[in-house]
Amino acid sequence: MSQEILPNRWKLPDLGLGVGLRTQHFRYITERWPAMDWFEILSENFIDTEGRPLYFLDQIAERYPIAMHGVCLSVGSTDPVDFEFLDKLRALARRVKAVWLGDHICWTGVAGLNGHDLYPVPYTEEGLRHMIARVRIIQDYLERPLVLENPSTYLTFASSSMPEEEFIARLAVEADCALLLDVNNVYVTCRNHDLDPVAYLDAIPYEHVVQIHLAGHSDNGTHCIDTHDGRVIDEVWQLYARVHARTGGRATLLEWDAKVPKFPVLQQEVGKAARFREAARVARPAAA
Amino acid sequence: MSLRNTPRLETLEHWMQAVVMHPEGAAAGVRSRPARKLLPQAALDLESVVLPSRALSSVGRLDIYAHMYYARLLEILADEYPTTRQILGPDAFEGACRRYLQRHPSKHRTLNRLSERFPAFLAKYLPRGNRGGFAVDVARIERAMEDVFDAPRAEPLTAAEFAAIGADEWQRVRLSVIPALRLLRLKYPANDYMNAARGKGRPRILRSRATFAIVYRRGYQAYRRDQDPAQFKLLTALAAGKTLAVAVRASVGGRRGNADRFAAKLGGWFREWAAAGLFCGVERHGAGRRRR
């Protein structure tokens, strides 16, 4: 835990503690304006619609920083890049003054179809070259770094020639993209593939990490599923503490998408992160 | 795996998609013709493509994705079509949804349009008869509710803007309707059924009877209501860009008695539509369209 602290190379701000913005809480937020450092939106929920979600988002974006996080950019897909979709992302980012926008290290469909799920890529040289090229094209078009998240994965391709964390590290460095490190996904993936989460975290290039995700998951015994339907387990908090010690503070966000509780429960849960952040600060007075 | 047998990224993605979207699960997907054509070796030795874990077989790991694909999309369809689901029953509804997703897999980045062809699909898929016909009409209303929810915004005409239309101008003006309006000509009293279904108990499936419903968004709330047949015809003509005079003529037919009855109702209909915020622009004869 005594390794060097690495600020992110874009000097993007540590936004503090935030939660994913969900429809169930629109009214609560816009009536009470609760204490929360920032919100993350699921980009696709606000695209191709001019209905109620956008009405609330406009108000919320006036008062809180907003980060955009998507699920359908399909960076790893071998289909052509969808520039029309990028235009929509860019327009939404401008509208809500997004501090950054991103998606996942995955693909979601080919042949013009969309599975609306995060499918893993094989961790091969071909897969890496393909994804680096795509990320560069998308970043050039959007004129900002993409913030890409490590997904939870449930299978390993036999053709993979490198560990996931090496693939991610090389992608971040060679494509010069930012990373959203989901520590719950690290835990889930490592459980599903019998890997060591600490070794995984040690391989991450922290100067590329601008955001951290926390969430709950389901443990099915034979495997874990990233269900975002409960509290963060202790093992994941320990991983968070480890990441925090390396980064010295990154925008931290709690995802809770199923069995969504009342807003104060989210505040309380993400508030736990403050203890780990404070503990790291006390243990590191010279760096404060 | 030898380098010679390493599948290319494109092949692997097409193969995995064929497997996880297979309606009978991953094992059937691996054996399916499209998957075998893409990666024949996977059907013979799946572990040469997907590694097993300590606890799960290769096909078990693929099945996680296959299960999630249908589970996620079925949940969305059930959310969007609660009354259709109630009419058909959960099992028949899920069966219809699975067939729909096979016939019309999502081609969009957002989920807003996932079910846009569902009512038309049900019309072909369900057996003829009152229950099926009723379900189709209810599905059309539920889909329209989704459509208007996402439709572009437009400011409705205010009372002052209506009042500014001179008495001598009314016959010649064209009114623009808001984008968040759908006009539905139905074969069953589906809207009545949906109102009844919101209460306790389960309403009866009624016999075929032509009804006319509008679905629209006012502010950020979607509404639905039935219309008198002549009222519906008039609103349809106005929505098609006809002047009020032409729309009235088309709705009344040629008979004088009809016109008198119609004229008596006209004011009330316009007040109802204006209160619902259905009009967003006025085009006067020879002038441009305003406030579209």
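Predicted model: local features only at pLDDT ≥ 70, side-chain atom pairs only at ≥ 80, totals over all residues.
**Ground rules.** I number residues from 1 along each chain as its sequence is written, with chains lettered from A and ligands numbered from 1 in the order in which they are written.

**Chain A, overall.** I looked up the secondary structure of chain A and noted 9 helices and 11 strands. Helices (H or I, at least four residues) and strands (E, at least two) are DSSP runs, numbered from the N terminus. The globule rule is 2.2 Å times the number of residues to the power 0.38. Along the principal axes, the C-alpha atoms of chain A fill a box of roughly 50 × 45 × 40 Å.

I then looked up burial. A residue is buried if 20 or more other C-beta atoms lie within 10 Å of its own, exposed if 12 or fewer, and partly exposed in between, with C-beta atoms placed from the backbone. Of the 288 residues in chain A, 50% are buried. For contacts, the C-beta atoms of two residues, placed from the backbone, must lie within 7 Å. Of the contacts in chain A with a separation of 6 or more, 80% are between residues 24 or more positions apart.

**Strands S1 and S2 of chain A.** I found strand S1 (residues 17-20) of chain A running parallel to S2(A), with 3 bridges joining them. Two strands pair if DSSP finds at least two bridges between them. A:Val19 has A:Phe39 in S2(A) as its bridge partner. Strand S2 (residues 38-42) of chain A is mostly covered, with 4 of its 5 residues buried.

**Chain B, overall.** Chain B has 14 helices and 7 strands. Its radius of gyration is 26 Å, whereas a compact globule of 292 residues would have one near 19 Å. The box filled by the C-alpha atoms of chain B is roughly 85 × 45 × 30 Å along the principal axes. I noted 39% of the 292 residues of chain B as buried. Residues 24 or more positions apart make 61% of the chain B contacts with a separation of 6 or more.

**Two residues of chain B.** I looked up B:Ala43 in helix H4 (residues 40-44) of chain B. B:Ala43 counts as partly exposed because it has 13 C-beta neighbours inside 10 Å. Leaving out residues up to four places away in sequence, B:Ala43 touches B:Val30, B:Arg31 and B:Arg36. The C-alpha atoms of B:Ala43 and B:Arg31 are 5.7 Å apart, at 12 residues apart in sequence.

B:Pro179 sits in the loop between strand S2 (174-177) and strand S3 (181-186) of chain B. B:Pro179 has 17 C-beta neighbours inside 10 Å, so it counts as partly exposed. Beyond four places in sequence, B:Pro179 touches B:Ala151, B:Pro152 and B:Ala154.

**Where A meets B.** I counted 44 residues of chain B in contact with 38 residues of chain A. On the chain B side, helix H1 (9-20), strand S1 (50-51), helix H5 (58-80) and helix H9 (130-150) each supply at least two residues. That side divides into 24 nonpolar, 9 polar and 11 charged residues. Strand S6 (residues 156-157) of chain A pairs with S1(B) in the antiparallel sense over 2 bridges, and A:Thr156 has B:Leu51 as its bridge partner.

**The core.** A nonpolar core is a set of buried Ala, Val, Leu, Ile, Met, Phe, Trp, Tyr and Cys residues joined through C-beta atoms within 7 Å. The largest has 157 residues, and A:Val183, A:Leu214 and B:Val19 have the most contacts inside it. H9(B) gives the most to this core, with 9 residues. Domain 1 (1-76) and domain 2 (154-290) of chain B both give residues to this core, so it lies between them. I also listed the contacts of A:Leu214, among them A:Val183, A:Val232, A:Tyr240 and A:Ala273.

Methods. Nonpolar A, V, L, I, M, F, W, Y, C, P; charged D, E, K, R; others polar. Domains from an automatic or database assignment.
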